[in-house]
Amino acid sequence: MKEKVDELKGALNPFKLKENNMLKRRYLDKISDLESDKANYESNIQGYKESLRFSNEEEFYERYKEFSHQKENRQHQIKYEKEQIQVETKVLLQAEEAIKMAKIREVSSHYPDLKNSRKILKL
């Protein structure tokens, strides 16, 4: 953009002076708009840098490695917890079945005639 403005300065044709001034004004307005956009973007980026705690590429990759390591650890922890839940669920189901069988044995012990029909009395 600045090169185009400089080109307009060199081309001082009196017949195109009005047109050159309009172009110059447009280019300068566009330059100022782009510079203000750049300043806004840089201030927004600075906010993100502060919140994410990195300001350059090296720090970004350090943070990335930290998060990757944390993610991997958390995945292993979740896998371990799932396995523990499965084991505990299996134990609880076995305990429930044992309690049912004990209750059946208790009831059938009071009725010796039902010892042969224990299979029918499932709860």
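Mentor: Let's start with Tyr-61, which lies in helix H3. The model is predicted, so local features need pLDDT of at least 70 and side-chain atom pairs pLDDT 80 or more, while totals for chains, interfaces and linings use all residues. Residues are numbered from 1 along each chain as its sequence is written, and side-chain values use heavy atoms, without hydrogens and water.

Trainee: What makes a run of residues a helix here?

Mentor: Helices are DSSP runs of H or I with at least four residues, strands are E runs of at least two, and both are numbered from the N terminus. Helix H3 covers residues 57–110 and includes Glu-59. The chain has 3 helices and 0 strands, in the order α-α-α from the N terminus on.

Trainee: How many aromatic pairs does the whole structure have?

Mentor: The search finds 2 aromatic pairs. In Phe-60 and Tyr-61 the ring centres are 5.2 Å apart and the planes stand at 75°, so this pair is edge-to-face. The rule for Phe, Tyr and Trp (its six-membered ring) is centres within 6.5 Å, with planes under 30 degrees apart stacked, over 60 edge-to-face and the rest tilted.

Trainee: What makes the pair of Phe-60 and Tyr-64 stacked or edge-to-face?

Mentor: That pair has 6.5 Å from centre to centre and 20° between the planes, and is stacked. Phe-60 and Tyr-64 are 4 residues apart in helix H3, so about one helical turn separates them. Ring pairs join Phe-60, Tyr-61 and Tyr-64 into a cluster.

Trainee: How do you know that Arg-63 and Glu-66 form a salt bridge?

Mentor: The cut-off is a side-chain nitrogen of Lys or Arg within 4 Å of a carboxyl oxygen of Asp or Glu. For Arg-63 and Glu-66 the N to O distance is 3.2 Å, and the structure holds 1 salt bridge. These residues are 3 apart in helix H3, so about one helical turn lies between them. Arg-63, at 13% relative accessibility, counts as buried, whereas Glu-66, at 40%, is partly exposed.

Trainee: What makes a surface patch?

Mentor: Patch residues have over 30% relative accessible area (Shrake-Rupley, 1.4 Å probe, only the protein chains shown as cover) and no salt bridge; like charges are joined within 9 Å, and nonpolar side chains (Val, Leu, Ile, Met, Phe, Trp, Tyr) within 5 Å. Phe-60, Tyr-61 and Tyr-64 make a nonpolar patch of about 320 Å².

Trainee: Which residues form the negative patch?

Mentor: Glu-57, Glu-58, Glu-59 and Glu-62 form it. Asp and Glu count as negative, Lys and Arg as positive, and His and chain ends are left out; a charge is placed at CD of Glu, CG of Asp, NZ of Lys or CZ of Arg.

Note on methods:
Buried means under 20% relative accessible area, exposed over 50%, partly exposed in between (1.4 Å probe, protein chains only).
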